[in-house]
Amino acid sequence: MQPRPLTRRQFLGSPLAASLAPDRTATDLLLWYREPAPDWNEALPIGNGRLGAMVFGGVPVEQIQLNEDTLYSDEPGRRDLPLDVTAGFDHVLTLLRQRRYAEAEQYITRHWLGRTWPCYQPLGDLYLEFDHSGEVSGYRRELDLTEAVCRVRYRYKGILYEREIFASHPDQLIVLRVRASRPGALNFLVRLRSVHPTASARAAGRELVLTGQLPGLVVRRPLEWIEQRGEQWKYPELWDREGRRRPHAKQVLYADEIGGLGMRFQARLRVRCSGGKVVPGGDHLRVQGAHEALLLLAAASSFNGFDKSPSREGADPEARARTFLQTAAGKSYRQIRLAHVRDYRALFDRVRLRLGRRGPHAGLPTDERIERFAGDDDPSLVALVFQFGRYLMIAGSRPGTQPLNLQGLWNREVIPPWASAYTLNINAQMNYWPAELTNLSECHEPLLRLARELAANGRRVARQMYKRRGWVAHHNTTIWRCAQPVDYGALPSFWPMAAGWLCRHLWEHYLFTGNRRFLAGEAYPLMKEAAEFYLDWLIEDGEGRLITPVGVSPENRFRYRDHDGRARTAGVSLAPTMDMAIIRDLFANTIEAARLLGRDEDFRQELERKLPRLLPYRIGSRGQLQEWMEDFEEAEPQHRHVSHLYPLHPGSELSPRKTPELAAAARRSLELRGDGGSGWARAWKINLWARLQDGNRAYALLKNLIQPAREAPGKYNRPGLLPNLLCSHPPFQIDGNFGATAGIAEMLLQSHAGEIHLLPALPAAWPEGEVRGLCARGAFEVSIAWKEGRLANAEIASKLGAAATVRYRELVVALPPARGRYYLDEKLRLYRRESS
């Protein structure tokens, strides 16, 4: 069942409504600026799940950088190499047992890794060129989260110019309206350009068409790096059998340089104007003497599935783009905009958050608020960061689209950071942490589908590379659902745990929605097959316990003394804690799923026998949860990853109430790691401290995240938030936005420990507030109000009629199994109930 928002009548009739302040969304849900964006890192993102754009808001030249979510380099199957883990398995295992970790790591790097991974690609840029080179007044650039509309306005020579830009999901278009306050004053040139040398633009009538082909090969590494490692054999496109470079060898190959491989794309722009005319001009359009102009941009690619060649079996991008434009041909701007806003608000309006008073800087431009946040609390900025994450989820991930990657939907580079792909050892999963919790369950679908598609290749890799059952995936994949490890190095690339982590998302979707059909038809089969792989992968440690034979703890290294007593560092070992946590989590969830469905009794019993034999968690000499099987010293004690804390979050095995000793060890691990790290690492720690029910420490991490990533004009080299609120690793990496949104929600509501826990980690900085529409496992929707740091009242809606235990501090109440709404006071006393 899909989540449903409270109706206005239901909400106004609830006791929660009495505690609400007047609606302030007009200002509290607005990003705004006094100047155009001087750099891509300050432009404003819009998207409809498939199409994305970064709006600069320039005056003489407006630049709108464009993305389409299927635009990736390379083609399916071309990364696969004849890798065979079994050939050197015994050798590597012997090295690890002899504490020759660095030697084992070197062997894995040489023999068990594949090629570099394909890169997400930009489409191009839309430019509007105005003759507005003089002084302007009243400039304002803004992104309105209540409508998902970007606006630019200013006065030039006494005339008010206004632009509205949005990405319509119903009409699958980027929509731009430009107006002038004086009839006939609107004059501008329109261009479409692309960084890809294969692309060209042509104008015909009122349309401007950009057509091109993506590179058929992008190699992220410099060619010298590959040669130094002796890996030329992996790239026959670039080197011959003797390891000599081919004449055309370079990092990026297009069209004939790579045998015609590469995805084709097209963008089509249609211009309508009121008063005035549109004049074609070869590779541009000119709007002359108009009062208002409407620009509709459609784009499509030849992508035809993760397992089909886009150059040989691809779809027709021109036909797709034409269809999108033709569908909107008879619609007015008002109709297109209204459909867009209705579609967006049906998702966005499900959750409302207010965190007490407005801070002293709430009326300032967004970039100035970020700069001042460390000195003065700005609760409404926290609420804005929370809702901005939900906005990005809606803008970047819709049913049927590609999942959010490292940069979400927005990328300008041919060789982007980390390929702008799907890093599966934390980052892609973090993107979807808020999906279920913040009432955007539909937006989770692309990642769940990725798991299903990745399993198709993962079965083959499990069989051919590992000679084992089930399916496997490693630390990175792309639109082509590559399942072999990439070329980065044994740490982090040789990490066959991604399938287990993705299965947690499948299970969480079931827990939040109660969708038995999804569990039976999609989730459980994938969970079972992933568990089969790990059953075959586990070995005995000689003391009756089951461990993983080879693993890494993403992405940290450890110090040790080898068999000769020499001080060394390495990343590969037996049974890292994260390995064991993911497998323990998967086995437990698969057992429960099989029990619920009444399936596979023998298989379930096998898991039940193996689960208690898994290597238990260990507490180290410093009181910390050990990151590895042995109590190694970390090579980087404050490393950004905290992989060994997976069982605390996103897992649910550890908690202060159920496992107090291990929870205390997890706390000690966090203390030793410190409160720094990359942007997304700080976001993860918000969630971890929230799970430890320490709201003040979670808030401290949130403050560490909400600090300016811009060190100086044009320099965006610090962790934190960019002026446009996007998260900086650095560089820009979107997962921190979603981790922050999830962390704020976790501070207010948790349901992972078998009960609905209200305000589990409320910080002193939020003495009053209210939240409406968060979701809890068991298909519940929860609204909470609090005053003076204590619960005021709560409203819990049961959509499927499940029973529930509700907790606030030490107060606990049981709700009977029935559909409807329960109204609870500050003592969790039920004083009203509505059946449904």
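Two strands count as paired if DSSP finds at least two bridges between them. Strands themselves are DSSP runs (E, at least two residues), helices are runs of H or I with at least four, and both are numbered from the N terminus. This is a predicted model, in which local features need pLDDT of at least 70, side-chain atom pairs count only at pLDDT 80 or more, and totals for chains, interfaces and linings use all residues. Residues are numbered from 1 along each chain as its sequence is written, and side-chain values use heavy atoms, with hydrogens and water left out.

**Strand β7 and its partners**

Strand β6 (residues 137-144) runs antiparallel to β7, and 6 bridges join them. L143 has C150 of β7 as its bridge partner. The two strands form a hairpin with 4 residues between them. In that turn, A148 has a positive phi of about 60°.

β7 also pairs with strand β8 (residues 159-168), again in the antiparallel sense, over 7 bridges.

How much of β7 is buried? Buried means under 20% relative accessible area, exposed over 50%, and partly exposed in between (1.4 Å probe, protein chains only). Of the 8 residues of β7 (residues 149-156), 6 are buried, so the strand is largely enclosed by the rest of the structure.

**A sheet of 4 strands**

An open sheet runs in the order β31-β32-β36-β37, with mixed pairing. Its edge strands, β31 (749-750) and β37 (811-815), each pair on one side only. β36 and β37 are antiparallel and share 5 bridges. R807 has V812 of β37 as its bridge partner.

**Pocket and cavity**

Both spaces were searched on a 1 Å grid over the protein atoms alone. A cavity is a set of points where a 1.4 Å probe fits but cannot get out; a pocket is an open set with protein on both sides within 12 Å along at least five of seven lines. Lining residues have an atom within 4 Å of a point. Points are joined across faces, edges and corners, and a volume is the space filled by probe spheres set on them.

The whole structure holds 8 cavities of 30 Å³ or more.

| Space | Volume | Lining | Share from α14 |
|---|---|---|---|
| Second largest pocket | about 430 Å³ | 23 residues | 5 residues |
| Largest cavity | about 180 Å³ | 15 residues | 4 residues |

In the second largest pocket, L511, S751, G754, R777 and G778 lie nearest the centre. α14 (498-513) and β36 (804-808) each supply at least two lining residues. The lining divides into 11 nonpolar, 8 polar and 4 charged residues. Here Ala, Val, Leu, Ile, Met, Phe, Trp, Tyr, Cys and Pro count as nonpolar, Asp, Glu, Lys and Arg as charged, and the others, Gly among them, as polar.

In the largest cavity, Y432, W433, E508, F512 and R777 lie nearest the centre. Two or more lining residues come from each of α11 (433-437), α14 and α21 (735-748). By class, this lining has 6 nonpolar, 3 polar and 6 charged residues.

**Cysteines**

A disulfide is a pair of cysteine sulfur atoms within 2.5 Å. The count by this rule is 0. For C482, the nearest cysteine sulfur is that of C119, 11 Å away. C482 counts as buried because its relative accessibility is 9%. For C727, the nearest cysteine sulfur is that of C443, 20 Å away. C727 is buried too, at 1% relative accessibility.
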